[in-house]
Amino acid sequence: MTTTTLSHDIKSAVGVEQSAMIAVKDLNKFFGKFHAAKDVTFEAVEGKITALLGPSGSGKSTVLRMIAGLERADSGHIYLDGQEQTRTSVQDRRVGMVFQHYALFRHMNVRQNIAFGLSVRKQSKREQQKRVDELLELVQLSPYGGRYPEQLSGGQRQRVALARALAPRPKVLLLDEPFGALDARVRQDLRKWLDELHRELGVTSILVTHDQEEALELAHQVVVMHEGDVQQVGTPDTVYNQPATPFVAGFVGSANVINGLVIGGHVQFGEQMLDGAGHLSDGSAATAYVRPHDVKLSLSPNGGSNSQGTVRRIADLGWASKVSLELNDGQKLVAHSPNDQIRGIGDGSTVYVDLRDAKVFAPQGNQPSDELAQT
Amino acid sequence: MSAGQIVLQRGLRRRVVRGLLLSLALIYVGILLVAPTVGILWTVLQDGTQMIFDTFALQDVQNAFRLTATITVITVVVTAFFGVITAWVLARDNFPGRSILNAFVDLPMAVSPVIVGLMAVLLFGRGGWFEPFFAAQGIQIIFAVPSMVIVTIFISIPFVIREVTPVLQEIGTDEEEAAKTLGASSLQSFFRVTLPNIKWALCYGIALSAARALGEIGAVLIVSGSLQGMNESATLWILRAIEERQDSQAYVVALTLAAVSILLLVSIEFFKHRRIKEISR
């Protein structure tokens, strides 16, 4: 199915199982006049990671904070472990939360940080020590129990934060951009580590992130948000290959944006026709999203609905190249091609362009910026 | 002139300017701060140690120190308690009128203590707004210890607030939120997470408050009624001793107050250092 479904259709299609580990239904939140979350509805997959993916300001963190109880929903329902918790206090929800900037208690050492949730719940000192030892083992920081947060690296701090959140055995784990403050290398390592750890623990988790790669890699299910709206709920494969809205097409993975007119179920631009516009009426405007690796280049026409373009710039990435093109009608494209497929093509070459697997939508206001679409 | 000479000349000029500024600063601090301190120490020691013991044996002096200590302790406790609450509100709650409250906190810094004393007389004195209420309870406020405490508190209000608010703003709400998700009540979160994070700023503010309370004279002079041996704080006793030409005894009391202040100053420096670390961590 490559055709579009509008976001409100999806929302009504997703029934909420109230017995699910985490479910939210018609959640709304206003900050003054700003509508930060609009009828947000989804449920988390039990024992798996669900990613809330969106650019900054899309309302994903607000939704997470409402689930944690740190923010009060203006309307809607939150269910945790089958019970409505919309109006309960943070303390009663017993969620584990990991913050972007670690939020470790800076005047406590690692052991005291991890034990905090146990000690406020008045567990015996012996039980506390035992649990802290377990968790230090789990996050591989056993030798660091006596250190203070300022003596740890960013990656170590976030592991302590995770251990602290897990210590009181929460039913659900909420991760708010947990790798956001780390540099790229550490982020990669920690992501892999979290993936393994999560497979071991199997605690139902929600991961808030603006990094689509992170979401696609870690999550079992992705909830794509934009301007407070849930755009699509689906597996990483679905949101990548069958985007429900133009926003999802442009935000999850990169995509070229091509504008044209609908003629007989095709999108026409320049001399080229693209398939996949059967759902739009003749003569209306249409926007097609094409992944850079779905743009095929050749020096001779090789069937299909080829049109011509001029190569403006080639960036060699080693095994593949990023080719910037201008089509004859002036629209710009980026193609990703393995180097052996573009032999003989150079700056200024005239090439035949074959666009495959286009996702076609009626033009909407909420398209991602060009910058995002072109990366 | 060669380029080398010009560089040499410039270096010389820079050194001369630097030396000039340094000596100006040293002379300024030396004459205005160090000389009086050394002077008072010298005078007291010249009169001999017997003089010191005699002065401390005076009933009036003992009463004066006791009163100053009482006022200082009450002031510190009250300004610390309400100071932390006010700092919390200023740092955490973006309520309408926040900037007005923020500006009002500095009022005691801008207003002369004598005026503060007069305001207290207007409120609590004969015909004042609050006078009928307290008179009915049989409580004497003005020309008694309560008014001295009130004006001293008023004057010391800004210190704790001004030191604690920026630290609260800087550390943010992350740790408090983390504490709550871990099951801590608001009180647990305050005492186990927030308070340890602001403790040095609070100590710094308290030390400043105490120093201010020890030395306060203007407002206290207006509201105390200056009854000999009663309602007489250490500073007021010094004032009377000088008027009565008992200079040596006045110096002894003054030196004692100064010694306590210097002790506070040292702790202030210590707390300031810790507070900066608190912010930058």
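Predicted model: local features only at pLDDT ≥ 70, side-chain atom pairs only at ≥ 80, totals over all residues.
The model as a whole scores ipTM 0.81 and pTM 0.80. For chain A, the average pLDDT is 86, with 90% of the residues scoring at least 70. For chain B, the mean is 89, and 96% of the residues reach 70 or more.

In chain B, which elements have the lowest and the highest mean pLDDT? The lowest belongs to helix H13, residues 247–280 of chain B, at 84, and the highest to H9(B), at 96. Hold on to H9(B), please; we will come back to that helix.

Now for the overall layout of chain A. Its C-alpha atoms fill a box of roughly 75 × 45 × 35 Å along the principal axes. The chain is divided into domain 1, covering 7–248, and domain 2, covering 254–374. Taken over C-alpha atoms, the centres of domain 1 of chain A and domain 2 of chain A lie 38 Å apart. Of the 375 residues in chain A, 44% count as buried. As for contact range, take the contacts in chain A between residues at least 6 apart in sequence: 68% of them join residues at least 24 apart.

Let's move to the place where the two chains meet. Here, 16 residues of chain B are in contact with 19 residues of chain A. On the chain B side, helix H9 (174–181) and helix H10 (186–215) each supply at least two of the touching residues. H9(B) gives the largest share of that side, seven residues. By type, the chain B residues touching chain A divide into six nonpolar, five polar and five charged.

Val95(A) sits in strand S6, residues 95–98 of chain A. Why does Val95(A) count as buried? It has 24 other C-beta atoms within 10 Å, and the cut-off for buried is 20 or more. Leaving aside neighbours within four places in sequence, Val95(A) is in contact with Ala68(A), Pro170(A), Val172(A) and Leu174(A), and also with Thr181(B) from the other chain.

Is Asp133(A) buried or partly exposed? It is partly exposed, because 14 other C-beta atoms lie within 10 Å, and that class falls between 12 or fewer for exposed and 20 or more for buried. Between Asp133(A) and Phe116(A) there are 14 Å, C-alpha to C-alpha, for a sequence separation of 17 residues.

My last stop is helix H8 of chain B, residues 145–171. Its 27 residues reach 39 Å from the first C-alpha to the last, close to the 39 Å expected at 1.5 Å a residue. Even so, H8(B) bends by about 40 degrees at Ser156(B), with Pro158(B) following within four residues. Just after the helix, Gly172(B) takes a positive phi of about 70 degrees.

H8(B) is mostly covered, with 21 of its 27 residues buried. Phe159(B) lies in this helix, and it counts as buried because it has 25 C-beta neighbours inside 10 Å. Beyond four places in sequence, Phe159(B) touches Thr79(B), Gly205(B), Leu208(B), Ser209(B) and Arg212(B). Phe159(B) and Ala80(B) are 79 residues apart in sequence, yet 9.0 Å apart in space, C-alpha to C-alpha.

Conventions
Residues numbered from 1 in each chain as written. Chains lettered and ligands numbered in written order. Expected span 1.5 Å × (residues − 1). Bend = angle between axes of the 7 residues up to and from the residue. Domains from an automatic or database assignment. Contact = placed C-beta atoms within 7 Å. pLDDT = per-residue confidence, 0-100. Nonpolar A, V, L, I, M, F, W, Y, C, P; charged D, E, K, R; others polar.
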